[in-house]
Structure formats: C-alpha cells, structure tokens
Amino acid sequence: MKISSVTAMILRTPMKTPFTSARGWWYKTKNAMLVKVETDEGITGWGEAYGPAEVTKAVVDSLLASQIIGADPFETNVLWEKMYQRVEDYDPQGFGVAAISAVDMALWDIKGKWSRLPVYKLLGGAHRKWVMPYATGLYFKKDSDHYDDFTGPAVEEAIAYKEQGFKGIKMKIALPRAAELKRVQAVREAVGHGVEIMVDANHGYSLYDAQWLARAFEELEISWFEEPISPHDLKGYAELRSKTSIPLAGGENAFTRYAFKDIIDSRAMDIIQPDVCCCGGITEAMRISDLAEAAGVSFITHVWGSAVGTYGALQVMAALPPAPHSWKQAPMWMEYEQTENPFRDLLVTEPVIQRSGKVEIPKKPGLGFEINQDIVDKYRVM
C-alpha cells in the first residue's frame with residue numbers, strides 16, 4: 001500500500017456568539033484545518049492541525065506532502081522523522097509540527113482501517129474503556145469595565161454543565177486578580193464541592209499575581225491551575241509550584257518531545273497537556289507519554305478543535321498507561337470544549353458525546369469515525 005495523495009483543507013464558519021480569553025483576541029469564526037491522505041488501495045485517513053489554519057495548510061501543501069507521497073503509510077516513525085527534518089531548521093516548534101501532527105494522525109487512521117483495528121490496539125491496547133469529560137467554557141462573551149458583569153453569566157453556564165452531568169468544569173480566567181477571585185468563588189458556591197473546578201489563565205498573569213491567586217484558590221479546592229504564567233518561564237513555573245498545593249498544568253502550546261523534556265526536567269508542571277493536533281501527532285504523543293511516566297508527571301491531553309482531533313485524542317487517551325499504577329486508579333480527564341462548533345458536532349456521523357459523566361473510547365477501526373462529507377463540502381473554504 002502506498003500513499004497516493006495528500007489534501008489539506010480549511011473549514012470555516014462564523015460564530016453566533018464571539019468570545020475571548022486572557023489572550024484578548026476575539027474568536028469570531030471557528031476553523032478546522034483537516035488533512036486527507038489517500039492510498040492506492042482506496043483507504044483514506046483523516047487528521048487535524050491545531051492553530052492558524054492557513055499557515056498549517058501551507059506547510060502541508062508546500063513542504064510535507066511531497067515527502068510522503070509514494071511512501072508506505074505504515075512507516076509512521078520513518079515518515080515522522082522525514083517530515084520533521086524538512087521543517088526543523090526553520091520551525092522546530094510551531095506551525096511545522098502542527099502540520100506534521102495532522103498528517104501523522106491521518107497515517108494512523110489508515111493503519112487502523114487497513115488492520116481493521118482501532119488505533120489504540122496498534123498502540124499496545126487500551127488501559128481504560130472510558131474517560132471522564134470536563135466542560136471547558138466560561139469564556140468572556142462581551143467587553144465591560146464592570147467586572148461584576150462577568151460573574152452572573154459564568155455562574156449560569158457552570159450550573160448548566162453540572163445539570164448536564166459533567167463532573168468537572170474548566171473556567172477561563174482573565175480579570176484582575178481580586179475581581180477574578182470573586183468570580184471563581186461565585187462559581188464554586190453555585191456548583192458546590194461535588195463538581196471539580198479547574199482554572200485556565202491562558203498565561204495571562206505575572207508570577208506575582210499567579211502566586212496571589214494560587215494561595216486564594218487553595219481554599220476553593222481548585223483541581224489545577226492551567227497556564228498561570230508565560231509558557232517560556234519554566235523557572236517561574238517551578239517557583240510557583242513550590243509555593244502552592246494546587247497542581248500546575250500546561251503545555252498545550254509546546255511542540256515535540258524536545259520541548260516537553262525541558263518542561264519535565266525543570267519540574268515545572270504537575271500535569272502536561274500535549275495536544276495531539278500540534279505536539280507532533282499520535283506518534284509523538286506516545287513518545288512524550290514515555291517521558292512523563294518515567295518522571296511521575298501526569299499526562300492529560302488538550303483537546304480544542306473538531307471531531308477529527310477529538311477522536312484522535314481519545315485513541316491516545318485509551319493507550320496512555322496509568323501513572324502511577326494503582327489498584328483503583330482515578331478516571332482520566334478528557335477536555336470537552338463547549339463553545340458552539342459544528343465541526344465538533346456535525347463533522348462525523350457519530351459525534352463524541354458524554355453520558356452520565358463518561359465518554360467511551362471509540363472501538364471502530366482507525367480513529368473510529370466516518371466523515372460527514374456533506375459538512376466538509378458545506379464549510380470548506382480552501
């Protein structure tokens with residue numbers, strides 16, 4: 001079997017309700033950069049890249065496709081290195097690796113479909129049959145200088161997630177520290193202590209403000225503090241980690257095992273969050289997992305995109321070993337982003353859904369889904 005074509009495409013739709021986080025830019029559209037890899041035996045694989053769609057598409061079109069056409073899709077390690085060597089000199093961490101991630105994911109989809117096995121079987125088997133989704137939301141959907149205006153909508157949204165059966169909620173935080181503390185306190189009071197709360201600052205605070213917030217959050221039983229400060233300041237992470245009992249999380253914008261080795265070696269984070277759509281794909285995610293397990297660092301995937309990336313992440317989640325191994329291991333968290341997204345809900349014939357606080361690992365061959373071509377055709381812009 002040989003790879004016959006590689007097609008990168010962009011899907012786009014306007015947002016009915018734009019939103020922002022601590023980064024300050026407004027999401028006015030939802031985009032998905034998908035890669036379709038076809039073979040001479042009629043088997044097709046799909047993958048997704050996280051990040052600016054036009055840039056990652058250009059990398060696939062101009063640099064990566066020519067490296068793998070005619071190759072055996074089963075040689076994922078060989079092809080990963082071949083693609084990485086093509087981008088390493090110019091973009092060793094960034095758009096190039098995100099583009100590789102999409103292609104790599106599609107190759108694993110092909111391998112599973114040809115073998116008639118779910119990808120997790122090819123990765124060595126499933127350590128779990130289901131994962132526990134947490135709702136990512138509580139973004140900022142309007143601008144206001146009256147910070148109390150942001151509390152009511154956050155409380156209402158959090159209550160809705162609790163009623164839907166979510167056992168955890170990750171809320172975006174971005175306000176000045178005292179105002180943000182009041183907002184988080186209100187959400188905790190509204191949902192009680194039977195629902196776990198994580199906070200995600202999208203690296204929007206200084207080390208000083210993050211330390212202040214971490215001390216205050218301890219009383220609210222926050223499950224983790226995600227991206228409190230700049231991802232480049234690993235010494236700052238390590239300092240903050242030494243001063244709080246709240247686990248620190250991050251790594252959604254880290255690329256390849258090389259970046260995660262630096263994070264792990266610096267003891268900067270309790271939880272790393274590689275995104276299968278940008279860390280280097282399924283091949284690289286499993287390499288990162290080996291580093292994390294050896295160091296006693298938890299691995300919880302970042303998931304923020306279409307159903308294609310979500311299915312890919314679920315295959316990795318199934319194969320991740322318990323760390324540490326224990327008789328009654330805690331369920332693995334799965335990020336389940338909740339803003340409006342037809343590419344999450346309609347792009348595949350069987351969208352990922354949570355029932356009673358659980359998401360089952362897909363068991364069909366490959367990544368486990370069938371693409372909805374009508375949705376691809378409707379939203380494709382490039």
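Mentor: Let us begin with a cut-off: a residue is buried under 20% relative accessible area, exposed over 50%, and partly exposed in between. Please bear in mind that this is a predicted model. Lys261, with a relative accessible area of 42%, is therefore partly exposed.

Trainee: Is strand 4 largely enclosed or open?

Mentor: Strand 4 covers residues 130–137, and seven of its eight residues are buried, so the rest of the structure largely encloses this strand.

Trainee: Which strands run parallel to strand 4, and over how many bridges?

Mentor: Strand 11 (residues 333–337) runs parallel to strand 4 and is joined to it by five bridges. Within this pairing, Thr136 stands opposite Glu337. Strand 5 (residues 168–172) is also parallel to strand 4, with three bridges between them; here Ala135 stands opposite Ile169. As a general idea, side chains in a regular strand alternate between the two faces of the sheet.

Trainee: Which strand pairs with strand 4 in the antiparallel sense?

Mentor: That is strand 12 (residues 359–360), which pairs with strand 4 over two bridges. Val131 is found opposite Val359 of strand 12.

Trainee: Let us turn to charged side chains. How many salt bridges does a search of the whole structure find?

Mentor: In general, side chains of opposite charge can pair when their charged atoms come close. The search of the whole structure finds 22 salt bridges. One of them links the side chains of Arg241 and Asp270, at 2.9 Å from N to O. Arg241 belongs to helix 8 (residues 234–241) and Asp270 to the loop between helix 9 and strand 9, so this pair ties together parts 29 residues apart in sequence. Arg241 is partly exposed, at 26% relative accessibility, and Asp270 is partly exposed at 22%.

Trainee: How far apart in helix 9 are Lys261 and Asp265?

Mentor: They are four residues apart, which means a separation of about one helical turn. Their closest N and O atoms lie 2.6 Å apart in a salt bridge.

Trainee: Are Arg344 and Glu337 buried or exposed?

Mentor: Arg344 is buried at 12% relative accessible area, and Glu337 is buried at 5%. These residues form a salt bridge, with the closest N and O atoms 3.5 Å apart.

Trainee: Which residues are linked in a network of salt bridges?

Mentor: The network links Lys170, Lys172, Asp200, Glu226 and Glu335.

Key:
Residues numbered from 1 in each chain as written. Predicted model: local features only at pLDDT ≥ 70, side-chain atom pairs only at ≥ 80, totals over all residues. Heavy atoms only, no water. Buried < 20%, exposed > 50% of the residue type's maximum accessible area, 1.4 Å probe, protein only. Pairing = 2+ DSSP bridges. Salt bridge = Lys/Arg side-chain N within 4 Å of Asp/Glu carboxyl O.
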